[in-house]
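Subject: Structure handover

Hi there,

Here is the structure I promised to pass on to you. Please open it alongside this email.

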Amino acid sequence: MYADIISAVRSQEVTLGGLAEVTDLEAVLVLVAIGDAVTFLARRTADLVAPLSSVVWRPVVDLDLTLSEVVTWRTKDADLRVIRALIDSAATLNG
């Protein structure tokens with residue numbers, strides 16, 4: 001996903017400086033809130049965190065990029081209650 005976003009931004013002739021991949025959402029939002037970063041979030045994620053943060057979400061409409069969220073689990077764990085809840089949640093999101 002990181003490479004796809006960077007490639008899409010570069011295709012628009014935009015040069016980003018100081019690139020870093022941060023996998024912790026809270027850390028990313030702190031960096032954005034203090035003015036040290038810009039990030040790309042799925043609209044659903046942005047809608048969830050917007051009430052909790054001073055970060056402002058704005059749609060980017062010209063990157064021609066579609067990202068997918070993926071859920072994986074081990075087959076042997078599929079009957080665990082927590083995994084079943086994750087699977088059901090993902091199925092609900094996908095309609």
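Below are my notes on its pocket, its salt bridges and its surface.

Please keep in mind that this is a predicted model, in which local features need pLDDT of at least 70, side-chain atom pairs count only at pLDDT 80 or more, and totals for chains, interfaces and linings use all residues. Residues are numbered from 1 along each chain as its sequence is written, and side-chain values use heavy atoms, with hydrogens and water left out.

The largest pocket has a volume of about 1800 Å³. I5, T39, F40, L41 and A42 are the closest to its centre among the 50 residues that line it. Two or more lining residues come from each of α1, α2, α3 (43–49) and α4 (81–93), and α3 gives the most, with 5 residues. Sorted by class, the lining holds 32 nonpolar, 9 polar and 9 charged residues.

The terms behind those values are as follows. A pocket is an open set of points on a 1 Å grid over the protein atoms alone, where a 1.4 Å probe fits, with protein on both sides within 12 Å along at least five of seven lines; lining residues have an atom within 4 Å of a point. Points are joined across faces, edges and corners, and the volume is the space filled by probe spheres set on them. Ala, Val, Leu, Ile, Met, Phe, Trp, Tyr, Cys and Pro count as nonpolar, Asp, Glu, Lys and Arg as charged, and the others, Gly among them, as polar. Helices are DSSP runs (H or I, at least four residues), numbered from the N terminus.

**Salt bridges**

With a salt bridge taken as a side-chain nitrogen of Lys or Arg within 4 Å of a carboxyl oxygen of Asp or Glu, the count comes to 3. For exposure, buried means under 20% relative accessible area, exposed over 50%, and partly exposed in between (1.4 Å probe, protein chains only).

- D47 pairs with R43, their closest N and O atoms being 3.9 Å apart. The two are 4 residues apart in helix α3, so about one helical turn separates them. D47 is partly exposed at 45%, while R43 is exposed at 53%.
- R74 pairs with D77, and here the closest N and O atoms are 2.6 Å apart. R74 is exposed, at 52%, whereas D77 is buried, at 13%.
- R84 pairs with D88 at 3.5 Å between the closest N and O atoms. Both lie in helix α4, 4 residues apart, about one turn of the helix. R84 is partly exposed at 36%, and D88 is partly exposed too, at 41%.

**Surface and loops**

Y2, V14, L16, L19, F40 and V60 form a nonpolar patch on the surface, with about 460 Å² of accessible area together. One of them, L16, lies in the loop between α1 (2–11) and α2 (25–33) and is partly exposed, at 35%. Patch members have over 30% relative accessible area and no salt bridge, with nonpolar side chains (Val, Leu, Ile, Met, Phe, Trp, Tyr) joined within 5 Å.

The loop between α3 and α4 contains T66, which is exposed at 72%. T72 lies in the loop between α3 and α4 and is exposed at 65%.

Best wishes

Methods
Patch = residues over 30% accessible without salt bridge, like charges linked within 9 Å, V, L, I, M, F, W, Y side chains within 5 Å. Areas by Shrake-Rupley, 256 points an atom, 1.4 Å probe, with all protein chains shown as cover.
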